[in-house]
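Work through the exercises below with the sequence and the structure at hand. Each task is followed by a solution in steps.

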Amino acid sequence: MNDTMDVFKEFFELPLEEKRASIYSDDPNKVCKLVHSSVNYDWEEVHLWRDSLVHPCHPLEKSIIALWPQQPIKYQEYVGKCSTQVRKVALNILELISEGLGIGSEYFKDEVSQESSLVVNHYPPCPDPSLTLGLTKHCDPNLITILLQGDVNGLQVLKDGEWIGVEPLSHGLVVNIGYQLQIISNGKLKCAEHRAVTNSSNARTSGAFFIAPSQDFHIQPATALINASNPQVYKSFQYKEFLANYLMDQGNTEVVLEPFKLQT
């Protein structure tokens with residue numbers, strides 16, 4: 001984990017014009033890309049104080065790894081090993097969650113957890129942190145997220161209307177429930193609204209591994225969780241439909257779930 005965090009930091013320390021320019025892109029269809037603020041830069045309401053490196057990390061095929069950054073020299077080796085281990089942790093957590101929900105330990109295997117991607121966020125020191133955020137309030141659109149938080153404060157979660165800082169723990173992992181897990185659980189599990197704040201003195205780098213369904217997979221509440229006392233809350237839909245709506249609404253937590261709720 002330390003080696004992986006080190007190469008994340010080293011990547012963002014590289015001269016942009018020499019090392020990173022070749023992968024900079026605002027093209028949402030590019031597999032591996034470096035973006036400023038977000039892929040919605042031209043029409044987002046608030047610009048973010050961050051750079052992000054984004055690329056898939058499962059399956060770990062040579063053709064995919066070849067698209068990852070070539071520098072630092074150990075990036076592909078360390079990130080490849082880490083992503084494999086993090087995916088195992090995520091699948092173990094999902095198995096325990098499915099057993100706890102009573103929907104069977106195999107529920108989250110195969111297509112429902114088929115894809116894994118990595119977003120490395122880098123938040124440089126901000127001259128005036130009161131003017132912007134590293135990430136605005138949101139919930140993750142996927143199934144479950146495993147976060148390598150780093151050693152600098154900045155992650156906050158919303159609880160009872162108050163923003164609470166999540167203190168970094170050495171070798172600790174932060175686990176976020178995503179919207180798809182909330183929907184599959186028929187609302188029994190809730191997403192945690194979170195954001196990233198900036199500071200004026202220290203750069204912060206974190207790595208988020210997103211476990212998600214395949215694009216064409218149909219999401220719906222688990223049948224075992226629906227009965228007369230617990231009616232179905234969400235309709236069936238393809239994951240790619242949710243993603244398109246999520247991007248259009250810029251992750252607005254007030255409205256993003258509304259098109260996928262059953263009318264009562």
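**Exercise 1. Find which residues of helix 1 and helix 4 meet, and describe how the two helices cross.**

Solution. The model is a predicted one.

Step 1: On the side of helix 1, the residues are Asp3, Thr4, Val7 and Phe8, and they meet Tyr75, Tyr78, Val79 and Cys82 of helix 4.

Step 2: Sorted by type, the residues of this contact are six nonpolar, one polar and one charged.

Step 3: The axes of helix 1 and helix 4 are 9 Å apart, and the packing angle is about 135 degrees. Angles over 145 degrees would count as roughly antiparallel, and 65 to 115 degrees as roughly perpendicular. Helix 1 and helix 4 are therefore oblique to each other.

Step 4: The crossing of helix 1 and helix 4 is left-handed.

**Exercise 2. State the strand order of the open sheet of six strands and name its edge strands.**

Solution. 

Step 1: The order in this sheet is 1-2-3-10-5-8, and the pairing is antiparallel.

Step 2: Strand 1 (33-36) and strand 8 (174-177) are the edge strands, as each pairs on one side only.

Step 3: On average, neighbouring strands of this sheet are turned by 25 degrees against each other, with direction ignored.

**Exercise 3. Follow the bridges from strand 2 through strand 3 to strand 10, then decide whether strand 3 is largely enclosed or left open.**

Solution. 

Step 1: Strand 2 (residues 51-58) and strand 3 (residues 115-123) run antiparallel and are joined by seven bridges.

Step 2: A residue is buried if its relative accessible area is under 20%. In strand 3, seven of the nine residues are buried, so the strand is largely enclosed by the rest of the structure.

**Exercise 4. Which strands does helix 1 lie across, and which does helix 4 lie across?**

Solution. 

Step 1: Helix 1 (residues 2-13) lies across strand 1, strand 2, strand 3, strand 5 (144-148) and strand 10 (204-212). Its angle to strand 10 is about 115 degrees.

Step 2: Helix 4 (residues 75-101) lies across strand 2, strand 3, strand 5, strand 8 and strand 10. Its angle to strand 5 is about 135 degrees.

**Exercise 5. Describe the open sheet of four strands and explain why one side of each edge strand has no neighbour in the sheet.**

Solution. 

Step 1: The order is 4-9-6-7, with antiparallel pairing.

Step 2: At the edges stand strand 4 (135-138) and strand 7 (162-165). Each has a single partner strand, so one side of each is left without a neighbour in the sheet.

Step 3: Strand 4 pairs with strand 9 (residues 194-196) in the antiparallel sense over two bridges. His138 is found opposite His194 of strand 9.

**Exercise 6. Locate Pro259 and classify it as buried, partly exposed or exposed.**

Solution. 

Step 1: Pro259 is in the segment after helix 6 (239-248).

Step 2: The relative accessible area of Pro259 is 38%. Buried means under 20% and exposed means over 50%, so Pro259 is partly exposed.

Step 3: Leaving aside neighbours within four places in sequence, Pro259 is in contact with Lys235 and Asn245.

Technical notes: Residues numbered from 1 in each chain as written. Predicted model: local features only at pLDDT ≥ 70, side-chain atom pairs only at ≥ 80, totals over all residues. Heavy atoms only, no water. Buried < 20%, exposed > 50% of the residue type's maximum accessible area, 1.4 Å probe, protein only. Contact = heavy atoms within 4.5 Å. Pairing = 2+ DSSP bridges. Axes fitted to C-alpha atoms, helices over the stretch in contact; angles between N-to-C directions. Parallel < 35°, antiparallel > 145°, perpendicular 65-115°, else oblique. Left-handed = near helix turned anticlockwise from the far one by under 90°. Nonpolar A, V, L, I, M, F, W, Y, C, P; charged D, E, K, R; others polar.
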